[in-house]
Amino acid sequence: MKVNTILFDLDGTLINTNELIIESFLHTLHAYYPNQYEREDVFPFIGPTLFDTFNRMNPEKTEEMIKVYRKFNHEQHDLLVKEFDTVFETVKTLKERGFKLGIVTTKIRDTVNMGLKLTKLDQFFDVVVTLDDVEHAKPHPEPVLKALEQLHATPEEAIMVGDNHHDVEAGQNAGTKTAGVSWSIKGRDYISSYNPDYILETMSDLLPIVGVE
């Protein structure tokens, strides 16, 4: 069946929030665990929900740590966020060709809206499923299936694009095709190890995969 629906993760896939996320984690962790975390130490925290990450560290301070993280993250957002190469042009082309486009993210809606507005990508997406909209975050299939339902699409005609194993596994669990992006901060080998159907070197690689010449 031909792909007519494309779901994207946001952070690390469409927009480069890596520096923002790393700095937000370091800011928060230094406040609670001074001098215990270096830059590379926070890479494993990119992908899971903030609750999952902080709850594993300190269940009693989880909500407090999330607030500290989000305050810094929102204050520094526009300074540190950029879009990845060929993203805007690719998404614009897909929209013009009539593809159904959605975002499936583990971020809360306020933060998602900030990123989409800043990069002017907000004009292209019919559906945005955030952490606020689901009971189970990726890699559970619920967010992907919810986006497909809202787009009146089936898994067989969809592809999930992301930079993290949560994205690939969520697509696989929901029955879509999957594409991993080689610009994942965790590296090309990392995303390849989860066996996505495709690996994108740049976002424009998606176009021939879905039949756009």
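Contact here means heavy atoms within 4.5 Å. Helices (H or I, at least four residues) and strands (E, at least two) are DSSP runs, numbered from the N terminus. The model is predicted, so local features need pLDDT of at least 70 and side-chain atom pairs count only at pLDDT 80 or more, whereas totals for chains, interfaces and linings use all residues. Residues are numbered from 1 along each chain as its sequence is written, and side-chain values use heavy atoms, with hydrogens and water left out.

**Figure 1. Helix 3 and its packing partners.** The buried residues of helix 3 pack against helix 1 (18-32), helix 2 (50-57) and helix 5 (109-118). These buried residues are T62, M65, I66, Y69, F72, N73 and H77; buried means under 20% relative accessible area, exposed over 50%, and partly exposed in between (1.4 Å probe, protein chains only). Helix 3 spans residues 62-80 and bends by about 35° at H74. The bend at a residue is the angle between axes fitted to the seven residues ending there and the seven starting there.

**Figure 2. T28 in helix 1.** T28 is found in helix 1 and counts as buried, at 0% relative accessibility. Leaving aside neighbours within four places in sequence, T28 is in contact with F54, M65, V68 and Y69. T28 and T17, eleven residues apart in sequence, lie 16 Å apart in space, C-alpha to C-alpha.

Figure 3. Rolling a probe the size of a water molecule over the atoms shows where empty space is left. On a 1 Å grid over the protein atoms alone, a cavity is a set of points where a 1.4 Å probe fits but cannot get out, and lining residues have an atom within 4 Å of a point. Grid points are joined across faces, edges and corners, and a volume is the space filled by probe spheres set on the points. By this rule there is one cavity of 30 Å³ or more, and the largest cavity holds about 360 Å³ of space. It is lined by 28 residues, of which D11, I21, P48, T106 and K107 are the closest to its centre. Helix 1, helix 3 and helix 7 (165-174) each supply at least two residues of this lining; the largest share, four residues, comes from helix 3. By class, the lining has nine nonpolar, twelve polar and seven charged residues. In this scheme Ala, Val, Leu, Ile, Met, Phe, Trp, Tyr, Cys and Pro count as nonpolar, Asp, Glu, Lys and Arg as charged, and the others, Gly among them, as polar.

**Figure 4. The two faces of helix 5.** The buried residues of helix 5 are T111, V112, G115 and L116. They cover an arc of only 130° around the axis, which puts them on the same side of helix 5; the arc is that of the directions from the helix axis to the C-beta atoms. What covers these buried residues includes strand 2 (15-16), helix 3, strand 4 (100-104) and strand 5 (127-129). The face turned away from the buried side carries the exposed residues D110 and K117. Just after helix 5, K120 takes a positive phi of about 60°.

Figure 5. Most residues other than glycine have a negative phi, and most peptide bonds are trans. N35 has a phi near 60°, a positive value in a residue other than glycine. N35 lies in the loop between helix 1 and helix 2 and, at 71% relative accessibility, counts as exposed. T86, likewise not a glycine, has a positive phi of about 65°. T86 is found in the loop between strand 3 (82-83) and helix 4 (87-96) and is partly exposed, with a relative accessible area of 26%. A cis peptide bond, with omega about 15°, joins K138 and P139. P139 lies in the loop between strand 5 and helix 6 (142-150).

Figure 6. K95 has its place in helix 4 and counts as partly exposed, at 28% relative accessibility. Leaving aside neighbours within four places in sequence, K95 is in contact with L101, Q123, F124 and D126. I209 lies in helix 9 (residues 206-209) and counts as partly exposed at 28% relative accessibility. Beyond neighbours within four places in sequence, I209 is in contact with I159, Y198 and L200. I209 and A179 are 30 residues apart in sequence and 9.8 Å apart in space, C-alpha to C-alpha.

Methods. On a 1 Å grid over the protein atoms alone, a cavity is a set of points where a 1.4 Å probe fits but cannot get out, and a pocket is an open set with protein on both sides within 12 Å along at least five of seven lines; lining residues have an atom within 4 Å of a point.
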